[in-house]
Amino acid sequence: MQHELILILDFGSQYTQLIARRVREQGVYCEIAPFTVSTENILEKNPKGVILSGGPNSVYESDAPRIEPEFYEKINAPVLGICYGMQLLAKDLNGNVQPSAKREYGHAKLNIINDKAKLFQHLPKEFDVWMSHGDHVVSAPQGFEIVGLSDGAITAIENAERQIFGLQFHPEVAHTPLGKEIIKNFVFNICGCRGDWTSTSFIKEEIEKIRRTVGETGNVICGLSGGVDSTVAAVLVHEAIGNRQTCIFVNNGLLRADEFETTLELYKQNLHLNVRGVDASKDFYAVLKNVTEPETKRKNIGRKFIEVFEAEATRIGDVKYLVQGTLYPDVIESVSLRGASVTIKSHHNVGGLPEKMNLKLIEPLRELFKDEVRLIGRDLGIPNEILQRHPFPGPGMAVRILGVITEEKVKLLQSVNKIFDEEMKAFDVYDKVWQAFPVLLPIDTVGVMGDFRTYEKVVALRAITSTDGMTADWARLPFDFLQKVSSRITAEVRGVNRVVYDITSKPPGTIEWE
């Protein structure tokens, strides 16, 4: 390891990667490891600090995730337990943890009761935090001091001598406004980090890693989607091995209007990548015929993408690797790779992949968030025209059309999407939201157009604000903008007579509807 390291042990929290993101924002490198990693392996990594993540379990469940008993005695770095992590260390060190009368979820007020508490240096005596737990610590282990309370309940503990700290709330989420400062106190004031990890160092090290992986001979293909992630991955690999990488941009029939032709031209002219366009729309429609279940859609699309890539690899020859722009939110929502995390939904390029593939994967962005990827893309010289695009799912319109997919429905939604995009740019709101798109609902409603009664489709508009894609809030778009979009859609898109606006945050919803 060339950098100082903060190691995060994952106990299954959906927010684990947010902790890593908060650490990286301080310019400190961090890794996530499953809770099953041995103490010996942790010591070999020589971390400057260890963070125990939250998780969905109770410490009293028979199969609850645990760490080795000798961890607390042998670890020679500060330890911070968050939510489940605090409950676990309290129980392991002979404190008392009990189930709460009701699950505490949402905002709470933290009261600091010790001015010298190391995690809260230079912070106010009282501030808002975000809770999400079912158990709570009712008495701290011997040698620990209670330094924070919320409504009289123990919320923060520390053992300054042993350098072990616990927080019942989640400092990593945006709903804890001062959480960034708490993480900063842990990383710098307690762990003694300097901050030596940057996007520039990531690029250099990832390029070297790709070269070692691929070797000096053989070819690589990259699955381009036209979005930020796969583009940055492709440019990184191009920097490493040049034109030994062939980028495959597939028209799956589910892209936005005119996207296949315009994106191909953009790649060739602006980025000078070795790109090959493949129109496989008929094949994708075939595997989606009569399919309505979202998970089946994603898995069928994932398998078909791999079939197309493998066919192209055969034509190119001597191809052993497939490059994908997979990000961590895709991974954490698709599969339980790092411990006990609960699967939310499969993504076509992760949970939708077939068990057996002829190609090995290279996923240089797998541990990153979208905003980190954009920073890296900027350093690589990728134009804003690509970097500022809203995220677009690999399955495309298939997960934005609820129910059976048909070419007619895709064309209808493409027309709606084009209007939505045009008006967002005209009203100067496109760059103010993280993502915005329409969804075609599987229902018809009564309407009146002219003197005629109609019975046509409903379109839902979705626009959200976010910094990382793991949590999101619905965008408060201007009413006159929504009115203009609705009027244009119902007037210009034959088959739609009603437009609604989705005001659901994540959680409880997800960003996409499927």
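In this predicted model, asparagine 290 counts as exposed, because its relative accessibility is 59% and the cut-off for that class is over 50%. The residue lies in the loop between helix α9, which covers residues 281-288, and helix α10, which covers residues 294-316. Although asparagine 290 is not a glycine, it has a positive phi of about 65°.

The axes of α9 and α10 come within 9 Å and cross at roughly 145°, and α9 passes α10 in a right-handed crossing. On the side of α9, the residues that take part in the contact are Asp283, Phe284, Val287 and Leu288, and they meet Lys297, Asn300, Ile301, Lys304, Phe305 and Val308 in α10. The spacing of residues in such a list can be read with the geometry of the helix in mind, because an α-helix has 3.6 residues a turn, so residues three or four places apart point the same way.

A positive phi is also found at glutamine 163, where the angle is about 60° although this residue is not a glycine. Glutamine 163 is placed in the loop between strand β8 (153-159) and strand β9 (164-167). With a relative accessibility of 18%, glutamine 163 counts as buried, because the cut-off for burial is under 20%. Helix α12, in turn, is followed by glycine 381, whose phi is positive and near 85°.

Helix α12 comprises residues 370-379, and its buried residues are Lys370, Glu372, Val373, Arg374, Ile376 and Gly377. These buried residues pack against four helices, namely α1 (16-24), α6 (199-214), α7 (228-241) and α13 (384-387). One of the buried residues of α12, arginine 374, lies over the face of tryptophan 434, at 5.8 Å from the ring centre. As for α1, this helix is largely enclosed by the rest of the structure, because 9 of its 9 residues are buried.

The contact between them is made by Val416, Ile419, Phe420, Glu422, Glu423 and Met424 of α14, together with Phe481, Lys484, Val485, Arg488, Ile489 and Glu492 of α15. As α14 passes α15, the crossing is right-handed.

Helix α14 also contains asparagine 417, which counts as buried because its relative accessibility is 5%. When residues up to four places away in sequence are not counted, asparagine 417 touches Arg256, Met397, Arg400, Phe437 and Pro438. Among these neighbours, arginine 256 lies over the face of phenylalanine 392, at 4.1 Å from the ring centre.

Phe11, Phe35 and Tyr84 form one aromatic cluster.

Among the strands, β6 spans residues 126-139 and includes valine 129. Valine 129 counts as buried, because its relative accessibility is 0%. Its contacts, not counting residues up to four places away in sequence, are with Gly106, His107, Ala108, Leu110, Phe169, His175 and Thr176. One of these residues, histidine 175, is 46 residues apart from valine 129 in sequence, yet the two are 6.7 Å apart in space, C-alpha to C-alpha.

Technical notes
Residues numbered from 1 in each chain as written. Predicted model: local features only at pLDDT ≥ 70, side-chain atom pairs only at ≥ 80, totals over all residues. Heavy atoms only, no water. Helix = DSSP H or I, 4+ residues; strand = E, 2+ residues; numbered from the N terminus. Buried < 20%, exposed > 50% of the residue type's maximum accessible area, 1.4 Å probe, protein only. Phe/Tyr/Trp six-rings, centres within 6.5 Å; stacked < 30°, edge-to-face > 60°. Lys NZ or Arg CZ within 6 Å of the ring centre and 35° of its normal. Contact = heavy atoms within 4.5 Å. Left-handed = near helix turned anticlockwise from the far one by under 90°. Axes fitted to C-alpha atoms, helices over the stretch in contact; angles between N-to-C directions.
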